[in-house]
Amino acid sequence: MQDSTKRQSAVEGAFGRRAGFLASVFGGSTFGGSTDGPDQVTPTAFQPAGASAAGPSRIDWPDGGPHSSADTDADTEPDTDGHQAGEAGAEPDGHDPAVAALGRAAELTHHRTATVRAEQQRLAGLLARLALPVSAMDFESQRRNYEPRPYPEGPSAGAGTREPRWTDFEPAASAVQEPGSNGSSRLLDSGYQRELAQARLAHQRALRQWRTERAVAADPAEAAARLAHEEAEQGRARAVREYNDSLEECRRAYREGEPAAVESLLERALAAAEAATPELPAACRAVFRPLTRTAVLDLDLPPLGLVPSLDGYRLTAEGEISPVPRPPADRAADYLRLVARLALRALQAADAVDTDGMLAGVVLNGWLREPEATCLLTVDADRDALARTRLVEPVAPDEEEADPGVYAAAEQDEALVRLRGLGAAVSPDPYARAEVRPCATAGAAVPAVADLSPGEFAVLVREVLTRGGLRDWSVRLRGHSGLVATGTGAPGSALPGRWVVCASRRPGQVGATEVRTLAEAVAEESAGHGLWLSTGGFTEEALDLTDTAEYRQIHLADGEGFRALAETHLGLPLATGTV
């Protein structure tokens, strides 16, 4: 009976010590101490080293309990009221289940917050790795070299050696003779006889070993294995040679601008860049347009859920675990940083692989595929701009800022700054799925004019007119609807003198007001002629205006005329139309 009473008292003593522990953790809010809620107090177990716990009891126990085992036995004696005496500072009702549940909730809150912070650190590390430069995947880097592998030599290692000869073992008989001695005295020397016997014995041993190895080498299994090895090596050499030949064929097709060869090379480079971050799949497809020597890349962006939506968890005054969401601007800024680095990496891969200078430019569209395709990023970069896509140095993981101006920080992010320097359009709010208009679509290799990017349209107009005779081509203004440029034609060419060119693909017809504006630009540039190329048409008033003497220096070409110029000078069909 006395033992049973002691055990019961020990249990009650454990509850009493638990109550004292929780009182120290939560600052005595449950035990008549501080009036602050439990969410306002940091548990001692989660405080940094050296911090003191609020509450009356000390909990930094090196042995995991408030007392040693001897003290525990002493404290388990029941008092006259049948209750546990407990430790100093513990309340009699400290074993309340609600208090224990509160402690468990505080520990769970800490662990959940630590998990969220780990996700944020993984994202920061991913951003840093995406900023690293990509390796070139050009034709030279893909060539293979054949290095023969020798047959693993076994017991028959000496089978290919020549037969041991006695002359290799015979001791020298021409020793230095003493004056007056004959040549036969060396043969009668006992030392020489011993050397001769040892040499004969060594020769016989070497001869037997050689004959044994020859017999082993003549084994059918050994001969078959050696033959199989030689055939395998010949196969390897033939495969490497055929691969390099096919690579040279692809290089020839690439230099000739065949779409399949250019697209294959680009997609290899893009896949190699994607393999650097296997935990972040971002497939990218390429379409090459020989008409403008431009590659259109469609990049699949990662899901929006990749960026953590929570900043952690907190414990409310009621003891509930409440998530702490991140500000929407913070989350959007992190996603835009991620998207910008993916886009720059794809542009860098395309630039690094194009060592022969086949690309005049690259159009990249970033698509969020789920639940429906939405374009969140688009950029139209010419070849000169591609050289400015590499980040200066890897970006370190973002540190916590005192000022939460997240969008200001995102605007200063190097990747986003470089993209916007290329004229990229980026979604202002990816989580609202605010889409942007793609610069170009990856359709047919010979697209309609309406499907070209502003850069492609400028290249097309330049190619048509420079082959028609214009030189010193200079673009003054470029936009999605068209461009304004100047050029000079040689005397005797189809377009002699200085010209001001307006090329448009906007919807509707060009009116008389636009023609008058072109005439004013001709006068300002001191040019002799003006040309308006339109993929659409012109109003009757504009056509009548050019028939007057004042505007005879203005020439108009509608969609049919544009198509005829492209067919004549480029040799490619061109589908015109408005956008």
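Which residue with a positive phi follows α6? That residue is G257, and its phi is near 80 degrees. The model shown here is predicted. This briefing looks at helix α6, its neighbour in the contact list, and the chain as a whole.

**The chain overall**
- The protein chain has 579 residues, and 41% of them are buried.
- It holds 15 helices and 12 strands.
- Take the contacts with a separation of 6 or more: residues 24 or more positions apart account for 70% of them.
- The accessible surface of the chain is about 30,900 Å². Carbon and sulfur atoms supply 52% of that surface.

**Helix α6 itself**
- α6 covers residues 220–255, which is 36 residues.
- From first C-alpha to last, α6 reaches 52 Å. That is close to the 52 Å expected at 1.5 Å a residue.
- Several α6 residues are buried, including E222, H229, E233 and A237. V240, Y243, N244 and L247 are also among them.
- Further along, R251, A253 and Y254 are buried too.
- An α-helix has 3.6 residues a turn, so residues three or four places apart point the same way.

**Where α6 meets α7**
- Helix α7 spans residues 259–274.
- The axes of α6 and α7 come within 8 Å and cross at roughly 115 degrees.
- On the α6 side, the contact uses Y243, C250, A253 and Y254. On the α7 side, it uses A261, V262, L265 and R268.
- The residues of this contact divide into 7 nonpolar, no polar and 1 charged.
- Y243, A253 and Y254 are buried and also take part in the contact with α7.

How values were computed:
Residues numbered from 1 in each chain as written. Predicted model: local features only at pLDDT ≥ 70, side-chain atom pairs only at ≥ 80, totals over all residues. Heavy atoms only, no water. Helix = DSSP H or I, 4+ residues; strand = E, 2+ residues; numbered from the N terminus. Expected span 1.5 Å × (residues − 1). Buried < 20%, exposed > 50% of the residue type's maximum accessible area, 1.4 Å probe, protein only. Contact = heavy atoms within 4.5 Å. Areas by Shrake-Rupley, 256 points an atom, 1.4 Å probe, with all protein chains shown as cover. Axes fitted to C-alpha atoms, helices over the stretch in contact; angles between N-to-C directions. Nonpolar A, V, L, I, M, F, W, Y, C, P; charged D, E, K, R; others polar.
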